[in-house]
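Reader: I have the model open on my screen and would like to go through it with you. Could we begin with how its elements are named?

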Amino acid sequence: MKTIYPATITLAAASALAFAVFASDTQVKPERATEMLNAQNQQFEKKIVKVSDSVYTAVGYHGANTSMIVGDDGVIIIDTLRGPFSAGIALKDFRKYSDKPVKAIIYTHSHGDHIGGASAFVGEEKPDIYATETFGSAEGVNKAVDPVKRKRNIRQFGRDLPASQATNRGVAPANTHDKDGGKGFVPPTILISESGHKVNIAGVDLEFHLAPGETDDAMFIWMPKEKVLFAGDNFYHSFPNLYAIRGTAYRDVLNWSISVGKMAEFEPHHVVPGHTMPISGQEAATAPLKDYSEAIRSVYDQTVVGINAGKGPNLLAHEVKLPEHLKNKSYLTEFYGTVPHAVRAIYVGLLGWYDGNPSTLNPMDPRAKAQKIAELAGGTQALTAQMKAAMEKKEYQWALDLSDHIKWLEDGDRDLARKIKIEALRELAAQEYNAPNRNYYLSYANELESGALSEVWF
Ligand SMILES: [Zn+2]
């Protein structure tokens, strides 16, 4: 029998109905999720990539990339990994291609995984160290909440996951040497304040371009002679992490799109991302930058249109989608960032937490609401039965919602609610190919199981 959908339901909506069992677009059958994450691992297998005549990039030596440009009488290092141990190994392997002294180090931005290993590259002759004028502004704004950010960071990256649960971190491998993180940081000595600033280092012409995006202090580096563009973290092989679930201040999404658009204008023959494999070939290197910029802009614009139509973040997070011609591009697969998280971040970034609906001006205390939900269900027992039924029907997100109500009920079976939450999180994780979501679900479930979380948190 042919299924007839009402004319207003699009094909995409029809298929969404058919797969309503998945709580989000980054969930697929567990075997498929594993297959996709395994395939993404190829983006950070440890190797030195010869990008062009004089550019070498070390991929997979830590979470991020470090690159070496070989000049006449010295080399230039772009980004330095998180700590001197990993950076030292990368340098040793770079030395197979050139033993010239390090004349300069360039930081694309101030995130720890790009700056903490600099000391490994500093020899007897002190190199100049370049960064933008606003270097370091990225993470300082919400220092007050560092204690909780640390916990969320561990979950997002799956730092405490056993090997059996670890996959990857979206744009980085699951395991990195982090004990010496930040120990090798050397402060910048030359600050760039102007886009297009040109330098000649060791006979190599380079241009610095301010590129606010993942951080406000980011820049990209253009090497005209070999048409190599070093993108920093505004581009890598995944939909961008426009919001990090570890908890970050607003990342200026519109600027991010503009910055990547500027990169595309150079029509590079090689693009070296901050994470994942370099891309070579004029069309191969330029098209992803154009698409990336367009994808970010589209998510931003759709969200803004929705906001101005009076829609709230919960609805918009489900409505906004990547344009049809972009959604199957491998470099826009949501391994690291996700569209719905970006939508929520844009909403809050532009308007703050209030969605404009007076019903949400003063929402009920969650404990009082849990009582009302139990009454609505026909009592706590009936609500508990609904939670179990949700698991049987594989409606894991709904099971999570109900377990969160039951945890507040005096007469609720809180042990059962906790067990079901653990189980639902693991089932959701198995379906996730978005690495931060997957890592967060699994880490949280392990914490709940070990009793590490307080009652309020579960
Ligand atoms: Zn990074």
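Author: Helices here are DSSP runs of type H or I with at least four residues, strands are E runs with at least two, and they are numbered from the N terminus. Please keep in mind throughout that this is a predicted model.

Reader: What is the mean pLDDT of the protein chain?

Author: The mean pLDDT of the protein chain is 94, and 95% of its residues reach 70 or more. Residues 1-20 have a pLDDT below 50, and beyond near neighbours in sequence this stretch makes two contacts in the model.

Reader: OK, on to helix 15. How far apart are its end C-alpha atoms?

Author: They are 22 Å apart, which agrees with the 22 Å that the 16 residues of helix 15, residues 435-450, should span at 1.5 Å a residue.

Reader: And which residues in helix 15 are buried?

Author: The buried residues in helix 15 are Ala435, Pro436, Asn437, Arg438, Asn439, Tyr440, Tyr441, Leu442, Ser443, Tyr444 and Ala445. The buried residues of this helix pack against helix 2 (30-40), helix 6 (146-157) and helix 14 (414-431).

Reader: What comes just after helix 15?

Author: Just after helix 15 comes Gly451, which takes a positive phi of about 80°.

Reader: Let me follow up on helix 6. At what angle do the axes of helix 6 and helix 15 cross?

Author: Their axes cross at roughly 115° and come within 6 Å of each other. Angles of 65 to 115 degrees count as roughly perpendicular, and helix 6 and helix 15 are therefore described as roughly perpendicular to each other. On the helix 6 side the residues are Ile154, Arg155, Gln156 and Phe157, and they meet Pro436, Asn439, Tyr440, Ser443 and Tyr444 in helix 15. Sorted by class, this contact has five nonpolar, three polar and one charged residues.

Reader: Which are the buried residues of helix 6 itself?

Author: The buried residues of helix 6 are Arg155, Gln156 and Phe157, and the buried residues of this helix pack against helix 15. Helix 6 has twelve residues and reaches 16 Å from its first C-alpha to its last, close to the 16 Å expected at 1.5 Å a residue.

Reader: What is helix 6 followed by?

Author: Helix 6 is followed by Gly158, whose phi is positive, near 60°. Gly158 is found in the loop between helix 6 and strand 7 (190-192).

Reader: Is Gly158 buried or exposed?

Author: Gly158 is buried, because 25 other C-beta atoms lie within 10 Å and the cut-off for buried is 20 or more. Not counting residues up to four places away in sequence, Gly158 touches Ala166, Arg169, Ala174, Asn439, Leu442 and Ser443. By contrast, the C-alpha atoms of Gly158 and His209, which are 51 residues apart along the chain, are separated by 34 Å.

Reader: Changing topic: what is the phi of Leu81?

Author: Phi of Leu81 is near 65°, a positive value in a residue other than glycine. Most residues other than glycine have a negative phi. Leu81 has its place in the loop between strand 4 (75-78) and helix 3 (84-94), and with 32 C-beta neighbours inside 10 Å it counts as buried.

Reader: And what about the phi of Ala202?

Author: Ala202 is not a glycine, yet it has a positive phi of about 55°. Ala202 lies in the loop between strand 8 (197-201) and strand 9 (204-210), where its 17 C-beta neighbours inside 10 Å make it count as partly exposed.

Reader: Where is Ile406 found?

Author: Ile406 is found in helix 13, residues 396-406, and it is buried, with 24 other C-beta atoms within 10 Å. Leaving aside residues up to four places away in sequence, Ile406 touches Leu383, Thr384, Met387, Gly412, Asp413, Arg414 and Ala417. Ile406 and Leu383 are 23 residues apart in sequence and 7.8 Å apart in space, C-alpha to C-alpha.

Reader: One last thing: in which helix does Lys419 lie?

Author: Lys419 lies in helix 14 and is partly exposed, with 14 other C-beta atoms within 10 Å. The C-alpha atoms of Lys419 and Glu449 are separated by 7.9 Å, and these residues are 30 residues apart along the chain.

Key:
Residues numbered from 1 in each chain as written. Predicted model: local features only at pLDDT ≥ 70, side-chain atom pairs only at ≥ 80, totals over all residues. pLDDT = per-residue confidence, 0-100. Contact = placed C-beta atoms within 7 Å. Expected span 1.5 Å × (residues − 1). Buried ≥ 20, exposed ≤ 12 C-beta atoms within 10 Å, placed from the backbone. Axes fitted to C-alpha atoms, helices over the stretch in contact; angles between N-to-C directions. Parallel < 35°, antiparallel > 145°, perpendicular 65-115°, else oblique. Nonpolar A, V, L, I, M, F, W, Y, C, P; charged D, E, K, R; others polar.
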